Amino acid sequence: MVSAEQLDMEVMTPLMEEAGGEEEDADVDEDSEHLPRGITFTQTLLHFLKGNIGTGLLGLPLAVKNAGIVLGPVSLVLMGVVCLHCMQILVNCSHQLSERMKRSPLGYSETVAVAMETSSSQCLRKCAHFGRHLVNFFLVLTQLGFCSVYFVFLAENIKQVMEGARLNTSAETVPLFSNSSEKGAVSPDTHPAAGLDLRLYMVFLLPFIIVLTFIRDLRNMAVLSAIANLCMAISLILIFTYVLHDVSDPRSLPYASTWRKFPFFFGTAIFAFEGIGVVLPLENQMSEPKRFPQALNIGMGVIIVLYVTLATLGYLCFRDDIKGSITLNLPHDSWSNQLVKVLYSLGVFVSFAVQFFVPAEILVPPVCERIRKSWRWAADLSLRAVLVCLTCVTAVMIPRLDLVISLVGAVSSSALALIFPPLVELIAFPSQPPPPLLLLKDLSIATLGFIGFLAGTYVTMEEIIYPDDQGQTHLRDHGNWTTPTTSPP
């Protein structure tokens, strides 16, 4: 029996198999005998939760601030329900097409390609190959976007830990948990710590992450992955323990924010909910595929409750001072707060290799095949290093965690989670044209995703190109470790 940690490493394998096309079907069939099969209901549920809970969760309190204390949680629930429905659409379309074509279980890009191949429209049939590559492009873009987010997240948190440790050497001993609102509490924003620029921390991290991505067989990271998952779970428990100590009155907060800030909410929220890429790989490896819808519903129910709870409590605790990640609001005056940042950073560091695995396996092999055999090993490592440097450059150019998350969510996550699934359902529907209600529902979801894509990308790029005073202060003021807070009167 394959261990749960090894199964977690193998979850993304079908995503790479899609990139090879029909020419590699024979090799895939041979390799499939060596892949772990028959994961249980509980393992499927755990893998689904692991694939969805990450850095996006920690940015949701800021998302609620951008939407409002009432509109934010309500919108999170609605977006979670819509994303769940899109996952169900994708699973159903994959089943229908594989049965109709008498083929083995399909992945995401294969489902899109087969739906277009079997369409009654000649134009769609001709573009089936393009549809496959388009989905793979967004899968690669999303995963590399995650990696850029990880660079900013690691740099922000390590910067706080390092500067906090230096300040704590001259500070008094404090209780296990202390709230920044208490008198005498030490907060990241109350000490003028002249530290290194945030972007230098990203450059310092670069060689370590490059070496990590040189591990080409993720099964070798099974133990590290299990430890990383445990670290992130402990961190979340400590975060909840902290925020529950200081919950403010929600009536003093705005019920709804301005329409101009809502696209930032959309980008962050869809980034957090974008776990659709692991749905079909999990379902295809389940020993009882008929029970997968149940696992999907339970998993998304847990995720929606967790997201809404932490997002609301985090905003109520830190109010307008909430930052791109809730870990950045934790003061450095207790070892438990520092431990949260260290443990979650360790988990994100290991997760970088897992997220990087998909784009590397899609982009690197085709290039290496065109190179002499004696040079392929060096070319493989060089291309991996170049891709990591690309994610680092993106993070250095956009060194604000909230903006990177919003941009990745609006550009790529919206396409995979909201736009493609309803369109595939319309194309793959057996009887054409589809029923009016189905047409209205799917076009509404796709339109919502497209509007979110346009609005979220526009406002985020505008903030990147023409940052407000808050963003400029963030880069200049080393006393504040992320977006600055308003000074008390």
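R319 has a relative accessible area of 28% and is therefore partly exposed, on a scale where buried means under 20%, exposed means over 50% and partly exposed lies in between (1.4 Å probe, protein chains only). R319 sits in the loop between α15 (292-318) and α16 (335-368), where helices (H or I, at least four residues) and strands (E, at least two) are DSSP runs numbered from the N terminus. Its phi is near 55°, a positive value in a residue other than glycine. K102 likewise has a positive phi, near 55°, and is placed in the loop between α7 and α8 (108-117); with a relative accessible area of 75%, K102 is exposed. As background, most residues other than glycine have a negative phi.

The model is a predicted one, in which local features need pLDDT of at least 70 and side-chain atom pairs count only at pLDDT 80 or more, while totals for chains, interfaces and linings use all residues. Residues are numbered from 1 along each chain as its sequence is written, and side-chain values use heavy atoms, with hydrogens and water left out.

**Confidence and overall build**

The average pLDDT of the protein chain (the predictor's confidence in each residue, from 0 to 100) is 82, and 82% of the residues score at least 70.

The protein chain holds 20 helices and zero strands, and 55% of its 489 residues are buried. Of the contacts between residues at least 6 apart in sequence, 85% join residues at least 24 apart. The accessible surface comes to about 21400 Å², with 65% of that area belonging to carbon and sulfur atoms; areas are from the Shrake-Rupley method with a 1.4 Å probe, and for residues only the protein chains shown count as cover.

Helix α12 covers residues 222-243, and its 22 residues reach 32 Å from the first C-alpha to the last, close to the 32 Å expected at 1.5 Å a residue, the expected span being 1.5 Å times one less than the number of residues. Buried positions in α12 include A222, S225, A228, C231 and M232, as well as F240, Y242 and V243.

T142 belongs to helix α10 (residues 128-168) and is buried because its relative accessible area is 0%. Leaving aside residues up to four places away in sequence, T142 touches E274, V408, S412, S413 and L416.

**Salt bridges**

Side chains of opposite charge can pair when their charged atoms come close. A search of the whole structure finds eleven salt bridges, each being a side-chain nitrogen of Lys or Arg within 4 Å of a carboxyl oxygen of Asp or Glu. The table lists some of them.

| Pair | N to O distance |
|---|---|
| R260 and E462 | 2.3 Å |
| R291 and E288 | 3.7 Å |
| R384 and E361 | 3.0 Å |

The salt bridge between R260 and E462 has an N to O distance of 2.3 Å. R260 lies in the loop between α12 and α13 (262-273) and E462 in helix α19 (residues 436-465), so this pair ties together parts that are 202 residues apart in sequence. Both ends are partly exposed, R260 at 37% relative accessibility and E462 at 26%.

In the salt bridge of R291 with E288, R291 is partly exposed at 31%, and E288 is also partly exposed, at 41%.

The side chains of R384 and E361 meet at 3.0 Å, and this pair links distant parts of the chain, with R384 in helix α17 (residues 376-397) and E361 in helix α16, 23 residues apart. R384 counts as buried because its relative accessibility is 2%, whereas E361, with a relative accessible area of 24%, is partly exposed. A network of salt bridges links E361, D380 and R384.

**A nonpolar surface patch**

V70, V74, L78 and Y255 make a nonpolar surface patch of about 380 Å². Patches are made of residues with over 30% relative accessible area and no salt bridge, like charges being joined within 9 Å and nonpolar side chains (Val, Leu, Ile, Met, Phe, Trp, Tyr) within 5 Å.

Conventions. Contact = heavy atoms within 4.5 Å.
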